[in-house]
Amino acid sequence: MEKLMIEATSNKIDTNICPVNSYNEWDPLEEIIVGRLEGATIPSYHVTVTYNIPQSTARLYRLFAGRRYPKFLIKRAQKELDEFIHILEAEGVVVRRPQIMDFSVRYKTPHWTSKGFCTACPRDGFIVFGDEVIETPMAWRSRYFETSAYRPLFKEYFAQGARWTAAPKPQLLDELYDYKFKPPEKDQPINYVINEFEPVFDAADFVRCGQDIFVIKSNVTNSAGITWLRRHLGEKYKIHEIESTCSTPMHIDTTFMPLAPGKVMINPDYIDTNKLPKILKSWDVLVAPQPDPVPGYILSMCSKWISMNVLMLDEKRVVVEKSQPSMQKAMKDWGFEPILCDFLNYGPFGGSFHCATLDIRRKGKLESYF
């Protein structure tokens, strides 16, 4: 009888465990949100977009901004997205999806108007610390209402015990932006499209290593945004800034990617290893191989270094772009087990495996790895 009572109590506790629990990029993945392509609209024309995409794509952007994405681009990307979801589910991961929204609808504030973008990259608008989901104050006007697609999911998580926080909603007035911005020439100091008018940041400019968090200042994340998150998280966490030499920085996950305890992959074009935070001296700094060229022209919002945008399923298994044999070999040499997936056609929508996901639950607890 005593044994039965213990088992019954254990089962009851299991059903009440908060579904949100994630502290780093590598603990065993149990539940994840994967983005959608339905309703995708090319972002309305704005300086923040123009200087955050490759020049070849930027030339077309001015012509097609605000229109729906062509069906052939969505069809190609959707096929790869379906395969990615199949891989995740086959590896035992619960996959959740945002609502479908029509991002071609124009909206306005008292100061500006815009159409939307898409929900292809949930990594940008949200970040998870333990049982807390934080909505971020993104700098693109076309992403102002993107978070609405995730509300049914977060209402569900909140009802089951998760904490749900939103950073101050930004005004995104003209005063925030440098409309005369030009990328710096080689060896010139980095300058940014945005200033310190108000706190803004994308979650994808941060990566988590337990109690230590790494961030880059970028064209969508300013110092005020980093300060807001540092104050909000308090003394439990330490935020370390990584210096990027990219002339148009945006999102840390093609520059600096923690893969496992004691192992971080860095972009040799954007990172000077001599300028990394001293705390990383005890870690293996793995230099990413140069991306393999892809035959033919691939329209993309991302740089060639999207090859670094991998997703860790645990400390060994890693989802890697199928067209990148050099990255696959490097992962094997470093002791990982690459799982291959085609995903190049997701590039026009803003990212790859890490961008396209938001890990909600990983099997682990808050630790210090330094």
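Good morning. I begin with a contact between two side chains: Arg163 and Glu132 meet in a salt bridge, 3.7 Å from N to O. A salt bridge here is a side-chain nitrogen of Lys or Arg within 4 Å of a carboxyl oxygen of Asp or Glu. The pair links distant parts of the chain, with Arg163 in strand β7 (residues 163-166) and Glu132 in strand β6, 31 residues apart. Strands (E, at least two residues) and helices (H or I, at least four) are DSSP runs, numbered from the N terminus.

This is a predicted model, in which local features need pLDDT of at least 70 and side-chain atom pairs count only at pLDDT 80 or more, while totals for chains, interfaces and linings use all residues. Residues are numbered from 1 along each chain as its sequence is written, and side-chain values use heavy atoms, with hydrogens and water left out.

Is Glu132 buried or exposed? Glu132 counts as buried, at 4% relative accessibility, whereas Arg163 is partly exposed, at 42%. Buried means under 20% relative accessible area, exposed over 50%, and partly exposed in between, with a 1.4 Å probe and protein chains only.

Let us stay with β6. Strand β6 (residues 132-135) pairs with β5 in the antiparallel sense over four bridges; two strands pair if DSSP finds at least two bridges between them. Val133 in β6 is the bridge partner of Val128. The two strands form a hairpin with two residues between them, and Gly130 in the turn has a positive phi of about 65 degrees. In a regular strand, side chains alternate between the two faces of the sheet. In β5 (residues 126-129), Phe126 and Val128 point one way, Ile127 and Phe129 point the other way, and all are buried.

I turn now to Arg317. Which residues does Arg317 pair with? One is Glu91, with the closest N and O atoms 2.6 Å apart. Arg317 lies in strand β15 (residues 317-321) and Glu91 in the loop between α4 (71-90) and β2 (94-96), so this pair ties together parts that are 226 residues apart in sequence. Glu91 is partly exposed, with a relative accessible area of 32%. Another is Asp314, whose closest atoms lie 2.8 Å from those of Arg317, N to O. Both Asp314 and Arg317 are buried.

Finally, the wider count. The structure holds 22 salt bridges. Glu25, Arg123, Arg208, Asp359 and Arg362 are linked in a network of such bridges. Thank you.
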